[in-house]
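This report walks through one protein chain, from its overall layout down to single residues. Please keep the sequence and the 3D view side by side while reading.

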Amino acid sequence: MKYLFLVETVVLAGFVLLCQVTAKNSEDIRCKCICPPYREVEGQIYKQNVSLKDCNCLHVVDPMPVDGRDVEAYCLRCECKYEERSSGTIKFTIIMYLSILGLLLLYMVYLTLLEPILKRRLFGHSQLIQNYDDVGDQQPFANAHNVLSRSHSRPNMLNKVEHAQQRWRRQVQEQRKSVFDRHVVLS
C-alpha cells in the first residue's frame, strides 16, 4: 500500500513537471551551422536561436568571417540544421531514472542492513542456529516455516516473502537430492 502511494506520487509529480514545461524555451530551439575551412578562415560551428525559416547561413553566422563578395561561396559550404528538443521530457526522464535508482538503493540498504536485524527479532538468533544444527546440511531451512508460523507477529509482506523463499529453498533441495543422490534428471 505504501509503495503504491509512493509510485503514484512520483508519477503525478512527473506529469505535473511535464505539463508545466509546455512552452518552448529558447534553449529548446536552435539552428546549428557547421562551416568548413575557407581560404584563410578556420572552420567553425555557429549556433543561434532562430526560427525554422531563418535557419540558414546568412541569419546564423554572425559575424560573417569573409568579405561581401565571398559570402555566397562561404555560405554554400556551410551545412545548417534546425534542431528542436524537449527539455521537459529530458528533465522528466532524468527525474524518473534517479527516483528508480534511489528506490533500488533504499531497497538494497533494507536488504543488507535491516532484514538481518528483523530476522533475528522475528526468529530469534539462537533458535535459527539450533534449527540449523538439528536438521544438518540436507535441509538447512526446513524448520524455518514452523518458526515463522509460531511467531506472534501479524501476517505481513515480510512473512509472505519469507514463506515463498522457504518454499523455493525446499524445492531446490529436493531437486539437488534428485539429481545428486538418485541421479534422476527431469527432461
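This is a predicted model: local features need pLDDT of at least 70, side-chain atom pairs count only at pLDDT 80 or more; totals for chains, interfaces and linings use all residues.

## Terms and ground rules

A polar contact is a pair of N or O atoms within 3.5 Å; within protein, one atom must be able to donate a hydrogen and the other to accept it, and residues adjacent in sequence count only if both atoms are side-chain atoms.

Residues are numbered from 1 along each chain as its sequence is written, and side-chain values use heavy atoms, with hydrogens and water left out.

## The chain as a whole

The secondary structure comes to 7 helices and 3 strands, where helices (H or I, at least four residues) and strands (E, at least two) are DSSP runs, numbered from the N terminus. Along the sequence these elements follow the pattern α-β-β-α-α-β-α-α-α-α. Of the 187 residues in the chain, 19% are buried. If a contact is taken as heavy atoms within 4.5 Å, then residues 24 or more positions apart account for 57% of the contacts with a separation of 6 or more.

## The sheet

The strands form an open sheet of 3 strands in the order E2-E1-E3, with antiparallel pairing; two strands pair if DSSP finds at least two bridges between them. Strand E2 (44-48) and strand E3 (79-84) stand at the edges, and because each has a single partner strand, one side of each is left without a neighbour in the sheet. From one strand to the next, the twist averages 20°. Between the antiparallel strands E1 and E2 there are 5 bridges, and lysine 32 has lysine 47 in E2 as its bridge partner.

Is aspartate 28 buried or exposed? At 3% relative accessibility, aspartate 28 counts as buried, and this residue is found in the loop between helix H1 (2-20) and strand E1 (29-35). Leaving aside neighbours within four places in sequence, aspartate 28 is in contact with Glu83, Glu84, Arg85 and Ser87. The C-alpha atoms of aspartate 28 and glutamate 84 are separated by 5.6 Å, although these residues are 56 residues apart along the chain. The side chain of aspartate 28 also makes a polar contact, at 3.3 Å, with the side chain of serine 87.

## The nonpolar core

In soluble globular proteins, nonpolar side chains tend to be buried together. A nonpolar core is a set of buried Ala, Val, Leu, Ile, Met, Phe, Trp, Tyr and Cys residues joined through side-chain atoms within 4.5 Å. The largest one here has 16 residues, of which Cys31, Cys35, Tyr46, Val60, Val61, Val66 and Tyr74 touch the most other members. The elements that give two or more residues to this core are E1, helix H2 (57-60) and helix H3 (71-77). Not counting residues up to four places away in sequence, valine 60 touches Cys31, Cys33, Tyr46, Lys47, Gln48, Val50 and Asp54.

## Aromatic pairs

Rings of Phe, Tyr and Trp (its six-membered ring) pair if their centres lie within 6.5 Å; planes under 30 degrees apart count as stacked, over 60 as edge-to-face and the rest as tilted. By this rule there are 2 aromatic pairs. The rings of tyrosine 38 and tyrosine 74 have centres 5.8 Å apart and planes at 70°, so this pair is edge-to-face. The pair links distant parts of the chain, with tyrosine 38 in the loop between E1 and E2 and tyrosine 74 in helix H3, 36 residues apart. Tyrosine 38 is buried, with a relative accessible area of 10%, and tyrosine 74 is buried at 1%.

The rings of tyrosine 107 and tyrosine 110 have centres 6.3 Å apart and planes at 25°, so that pair is stacked. Because they are 3 residues apart in helix H4 (residues 87-123), tyrosine 107 and tyrosine 110 are separated by about one helical turn. Tyrosine 107 is partly exposed at 48% relative accessible area, and tyrosine 110 is partly exposed at 25%.

## Two backbone details

Most residues other than glycine have a negative phi, and most peptide bonds are trans. The peptide bond from aspartate 62 to proline 63, however, is cis, with omega near -5°; proline 63 has its place in the loop between H2 and H3. Arginine 39, a residue other than glycine, has a positive phi near 50°. Arginine 39 is found in the loop between E1 and E2, and this arginine is exposed, with a relative accessible area of 61%.

How values were computed
Buried means under 20% relative accessible area, exposed over 50%, partly exposed in between (1.4 Å probe, protein chains only). Axes are lines fitted to C-alpha atoms, for helices over the stretch in contact, and angles run from 0 to 180 degrees between N-to-C directions.
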